[in-house]
Amino acid sequence: MSHMMDKNAENPEEDAVSLRRNGKTDGAAKETLGMLNTLRKSIRRAGSKVTAKGDESGLKLPPSPSLSSGSPASSPLKNIGSIFQRKEEDEAEGSAQKSKGLTHSKTDPNMTRFTDSILQRGESIRRSLKLSKKNKDKNCNKELVTVSEGSKEEKEVVKEDEEEEVVEEVKEEVEEAYTLPELPHTPLSVMQINKLIEREVLEEAHLNLLALRREFQQEQERCGDDSPMELSKKEKDLSLLYGELRNKINTIVRDSNSLPSRNKELLVPVARIIQEEERRAEEPGGLPGSWMESWREAVGEGVQVKVESVHLEKREENASWLAVHLGLLGKAIVHDLEQVKRELRWSYPPSFNVFSTYVRSYHRVVGQHLKKLQLQVTELKDLFALLDWIVNRYKSERIMGSPSLQPDMKDESVDLQLEDGLLRQLKDKFCCRVKDDMRASLERVIEIENKEVWMVKGTPERDDEHLLTSHIDMDIWTNIKGNVVNSRLIDGELEQRVISSCLQELKLFPGRFDAEFRRLCSALRPQPLWTEYHITYINSFSALQRHMEGYRDACPDEVEAFQKEAKWLIVRLCQDLEDQFKEEVTPYMRRMMTRKWLSNDDDFKQLLRRTELLSQHCSLMRPPHVQEFASRLHHHVAKEYVGQLMKNNYSCKNRKHEKAAGKIRKQWSELRDLFVEMKSTNEWLHPVGDDLSDIITQKNKADIKEHLQPIVEHYPDFSNKHLVAVLYFRGLLRGREHQQILQRLSELKKLADGDRSRVLFGDMQVTVSTGCLSNLPFCCLSFLLPDN
């Protein structure tokens, strides 16, 4: 009975036949056998499912310690099969002694629980074994035999066996030492050895080749220096066969990571052949050159095949061609090195340093591949993608720093092996492209502004502060900032070069913009829209100045050069507005301080209206230019308004000077309030209207002397000639009081200590009235000389 169970455990099909023939076989044995067959099928199905999912952690046979293909090898599957076989025998015997044949239906609950328990145990074992498709094809054709539920002690034994099998799953490298099998006494013929090499029976071919080499060495020793023709022929045969063997080995090594199913069968003898030939390198009859170095070259060729097989689209077909290719290349590198770590390294002795060799090969081959790629790269985004991949991504966790490659990468370099100057060439190319793209981008800014604003006479937009604005400054700043941020990811030196390149192009932009703006928008003058455009671009270039100020530490000279050009443009735009305003108000200014002015307010109202309109526009201008612009206009209006008194256009008679003084005071107050609203910083101009009104309004001529001190203190540049003109407007043309007033002014000016940097009257032109001066004595005329 025991013999029968042993036989049945080895062959389930024969079990069934035997049971049918043996009428004495009890029902318990049939029941057990049926369940075993069911479980075997379920395990096969489970194994196929695991294989289909691509599990790559299957069982591997321990490597053979020698070149002999017949060396014994222990298989984990055999151990498990023997455990399960013994357990089946024990349970089958117990069932035969205790029970009679019983037939269970498919819905029998006891049978269901029993089967479920066995299936669960089988599933647990399958998980511990981690079956893969590769091992199923080569090593897993042996059938797994499951066990039925047994005693507590039996379960513990099975559990211990499972743990032992998990330990056996850990792979080990091929041992460094090996024993060379005995060489054939008589080697095969050259044709036969060559056939063995072609059929990849490398172990047998090499042994016969060594035997042939031994014969050659023996004959060479016998012949000495006299080498017969037969010896030369044998040496040539050896060279040809060795060449074929090396080529075959190189092919196998090159393709080993693409054809992992051949690794165990071929790479172990390949490694032993290389070791043996390295040991015999000094002996005659072999090939020149290192077999180990040839192996490294073959590894590099295989890596090159892998790299060149990565999909690369044409630029014309996909704008992201390079980014896609580099992403696929990174994944291919990681996948290949994972394969080396998981599979290939276990087929070589430790001295081959397989993983390290593949890593160094990738450093070199990928570096060569990138050199070819950079010749095709012209666009800025592709140049950045290439630089970023080289400097950052290649050594990151995505590729060489991948967790799946640790800890084998711990002692390995993660840097690419690039040709000297390649990285510098890429950076130079990147900076040149940044400069070219910056120039083109700035030209597009002008084109877009013309197309979307100037041609259609569009109204400028307003920002959150209700100030006029355009997208010019943000478009330019965003473009520069993007280039700077990207270059910073590469290194600080490239960042500085990129900032410099951008600012060099930006320095030329204000001049180009000004020329195009004047050419295309001159027809709008003097429409309000023309004024709004000027204020808009004053604001935009002011904002651009602030943005560029952030790069002063990196490139102070370039920033200063741009700031100078931008300031020049802003001043010129402000000057345009100022000139336009002066041109508009000049006719009204000329009619101030005349007979018509005294009785009619139309000219002043026009002056006030134009100033108010400009004030409204100034409220849309960004500080500090609004203050500077308003201050210059304030000074101009004050000088021109007061300057009309210096032209001797009108002389108040019949006590009209009081009315004139009151009108000057009232109008100046309105102008003063308007310029305060415009945020003018020239507060020192505010008193001039009241100071002059106080002089003009005095009824008693002698009292004028008492009202000279304020104007002298406020305006040290107020001279005798200006006072003569004011007195003429007052109606005081000559006489003793006239002379005393002028003399008092001279005395006050000697004592005055005002701010002489502020100039108002000094720039005013004074018209000398010959009619009044002809009646004055010479002593009075002396007060009107320039020195006085």
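What percentage of the 788 residues of the protein count as buried? In this predicted model, the share is 47%. The accessible surface comes to about 40,300 Å², and carbon and sulfur atoms account for 49% of that area. The secondary structure consists of 31 helices and two strands. Among contacts with a separation of 6 or more, 80% link residues 24 or more positions apart.

Spanning residues 509–521, α19 has 13 residues and reaches 18 Å from its first C-alpha to its last, close to the 18 Å expected at 1.5 Å a residue. Six names make up its buried set: F509, P510, F513, D514, F517 and C521. These residues lie on the same side of α19, because they cover an arc of only 130° around the axis. The pattern can be read from helix geometry: an α-helix has 3.6 residues a turn, so residues three or four places apart point the same way. Cover for the buried residues of α19 comes from elements including α16 (422–454), α17 (472–490) and α18 (492–507), along with α20 (528–549) and α21 (556–590).

As for the surroundings of F761, its contacts beyond the neighbours within four places in sequence are V642, M646, V688, L692, I711, Y715, D717, F718 and H722. In soluble globular proteins, nonpolar side chains tend to be buried together.

Methods:
Residues are numbered from 1 along each chain as its sequence is written. This is a predicted model: local features need pLDDT of at least 70, side-chain atom pairs count only at pLDDT 80 or more; totals for chains, interfaces and linings use all residues. Side-chain values use heavy atoms; hydrogens and water are left out. Helices (H or I, at least four residues) and strands (E, at least two) are DSSP runs, numbered from the N terminus. Buried means under 20% relative accessible area, exposed over 50%, partly exposed in between (1.4 Å probe, protein chains only). Contact means heavy atoms within 4.5 Å. Accessible areas come from the Shrake-Rupley method with a 1.4 Å probe; for residues, only the protein chains shown count as cover. The expected span of a helix is 1.5 Å times one less than its number of residues. The arc is that of the directions from the helix axis to the C-beta atoms.
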